[in-house]
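Welcome, and take a moment to look around before reading on.

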Amino acid sequence: MLIDALKAYTKTATPMHMPGHMRSEDYGYLNRLGAGLDITEIAGFDDLHNPSGILLDSMKDAAGLWGSDDSRFLVNGSTCGILASVYALSMSGGRAVIARNAHKSLYHALELTGIEPVFVESGFDEETGACTDISPESIENALENAPDAKFVFITSPTYEGVISDIKKISEIAHRRNVPVIVDEAHGAHLGLTCDFPLGAVASGADIVIQSVHKTLLSLTQTAVLHVSGNLVSMNAIDHALDIFETSSPSYLLMASIDGCVHTLRKDKDRIFAQWRENIDWFRRKAESFQHISLWKSKSAFAFDDSKLIITHPAFTGNDLMRILRNRFSIELEAAYPRYTVAMTGAGTKKQSLEKLFDALFQIDEMEVEHDIPRSSVAPILPERVFPIKNALFTPWECIPMDESVGRVCAEYAWAYPPGVPVLAPGERITENAVAVWKDIVSSGTNTVKTKSEEGFFAVIKG
């Protein structure tokens, strides 16, 4: 393991190289952060951007674990992998079929490459407002309308655990020699054992980007990019990673990916079986709630039930998140108008789920005056007037939101996390978009607009 090599080396070697702290023990905060093992690319420790030794072997181990042809470590998170993948497949611009419910990093990739998106809407759950899956039929229709598409981009699973039929989508795209990129940031655990649904690598996707820190046993901002098949050039991927991934990758972060891979190759059956047992215990116990329920998409192709989507008829997601934080010292992942997200991972202990159950049991017994409306405003895909990049660099102004209908948006507007836009630059603002935005804001959900203050939208002048 890389961590063992680091320990053996740093016991005796005198550093006269970066980083500047020189593994000093004089600064307590650095010791607590593991700086004693923090090195740069020196003899015997390989180079992430030109691997030939210990890092190459480790990435081959990762490919073996997930079943891909090649894998690359990402220390800039899945964001880096998404940017690099889009760039590698579209350096000359063009069009691509893209599921609208993509992470903001995909939209930033569109800005950089000039790729024109042919958007496909996901399904929509009216009760919660959550996106459901992307139908293979919608991808087929989009590819018929965009036969020159450079790639198909899908997010699966979603933040809420909804999984699309990547196998069928890949088959449809491959009949046209179009590669499929899957943002599987929230599903690195999928398919590693029979405890969870099949993942995108095994389902035939060409590029799969996974955040190993989100559900597995690795440090924050660590991810892996997998490539399979013959539709994607590894040379192009490596060149793109040279651009988007730091040239000074942290060995602490890489050691955590390597350690995660080694641990799972050795012990994933036991780890996942315990995780599965804990989830099943919580879900059985949750059936006793009178008011609280755990949402699961009834129409989606598949569902990752390691995500606990909690709803209460009288509370917004933000209400539930705030109560759990302030009264019970439980911090959830995210909150939306009609639900909140509690994440579990390979390291989740049963004691944590017991504490969450006890807290929800007390909330479930609270007396409430009335239920909140459960119907959500379904988003309608806005008309695209200008490419994103053009819209961002065109003169703009801020006007009151209610006066913006019909104007062209000059900014991003999204709930964050996960950063799926209600509006993107270059799209015509509609009454529907304003209604969806107001619905999100009124619930107390965390929102971001990249240019305007609340109550306004940034629009293109003229």
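Cys-194 is exposed, with a relative accessible area of 80%; exposed means over 50% relative accessible area, buried means under 20%, and partly exposed is in between (1.4 Å probe, protein chains only). Before going further, please note that this is a predicted model, in which local features need pLDDT of at least 70 and side-chain atom pairs count only at pLDDT 80 or more, while totals for chains, interfaces and linings use all residues. Residues are numbered from 1 along each chain as its sequence is written, and side-chain values use heavy atoms, with hydrogens and water left out.

**Cysteines**

How many disulfides does the structure hold? The count is 0, where a disulfide is a pair of cysteine sulfur atoms within 2.5 Å. Cys-194 takes part in no disulfide, and the nearest cysteine sulfur belongs to Cys-260, 19 Å away. Cys-260 is likewise in no disulfide; for this residue the nearest cysteine sulfur is that of Cys-80, at 18 Å. Is Cys-260 buried or exposed? With 1% relative accessibility, Cys-260 counts as buried.

Helices (H or I, at least four residues) and strands (E, at least two) are DSSP runs, numbered from the N terminus. Two packed helices are described by the angle between their axes and the distance between the axes. Axes are lines fitted to C-alpha atoms, for helices over the stretch in contact, and angles run from 0 to 180 degrees between N-to-C directions.

Helix 10 covers residues 251-286 and helix 12 covers residues 350-364. Their axes are 10 Å apart, and the packing angle is about 15 degrees. Helix 10 and helix 12 are therefore roughly parallel to each other; angles under 35 degrees count as roughly parallel, over 145 as roughly antiparallel, 65 to 115 as roughly perpendicular and the rest as oblique. On the helix 10 side, the residues that meet helix 12 are Asn-278, Ile-279, Trp-281, Phe-282, Lys-285 and Ala-286. Facing them in helix 12 are Lys-350, Leu-353, Glu-354, Leu-356, Phe-357 and Leu-360. Contact here means heavy atoms within 4.5 Å. By class, this contact of helix 10 with helix 12 has 8 nonpolar, 1 polar and 3 charged residues. For these classes, Ala, Val, Leu, Ile, Met, Phe, Trp, Tyr, Cys and Pro count as nonpolar, Asp, Glu, Lys and Arg as charged, and the others, Gly among them, as polar.

Helix 1 (residues 2-10) also packs with helix 10: the two axes come within 8 Å and cross at roughly 135 degrees. That makes helix 1 oblique to helix 10. Leu-2, Ile-3 and Leu-6 of helix 1 meet Tyr-251, Met-254, Ala-255 and Asp-258 of helix 10. The residues of this contact of helix 1 with helix 10 divide into 6 nonpolar, no polar and 1 charged.

**Backbone details in the loops**

| Residue(s) | Feature | Value |
|---|---|---|
| Met-18 and Pro-19 | cis peptide bond | omega about 5 degrees |
| Ser-156 and Pro-157 | cis peptide bond | omega about 0 degrees |
| Met-22 | positive phi, residue other than glycine | phi near 55 degrees |
| Asn-177 | positive phi, residue other than glycine | phi near 60 degrees |

Pro-19 is found in the loop between helix 1 and helix 2 (28-32). Met-22 has its place in the loop between helix 1 and helix 2 and is partly exposed at 35% relative accessibility. Pro-157 sits in the loop between strand 4 (152-155) and strand 5 (162-163). Asn-177 belongs to the loop between helix 7 and strand 6 (180-183) and, at 58% relative accessibility, counts as exposed.

Ser-170 lies in helix 7 (residues 166-174) and is buried, at 2% relative accessibility. Not counting residues up to four places away in sequence, Ser-170 touches Val-180, Ser-203, Gly-204 and Ala-205.

Glu-140 is part of helix 6 (residues 136-145) and is partly exposed, with a relative accessible area of 25%. Although Glu-140 and Ile-169 are 29 residues apart in sequence, their C-alpha atoms are 7.9 Å apart in space. With residues up to four places away left out, Glu-140 touches Ile-172, Arg-175 and Arg-176.

Finally, Gly-36 is in the loop between helix 2 and helix 3 (54-66). The C-alpha atoms of Gly-36 and Arg-327 are separated by 39 Å.
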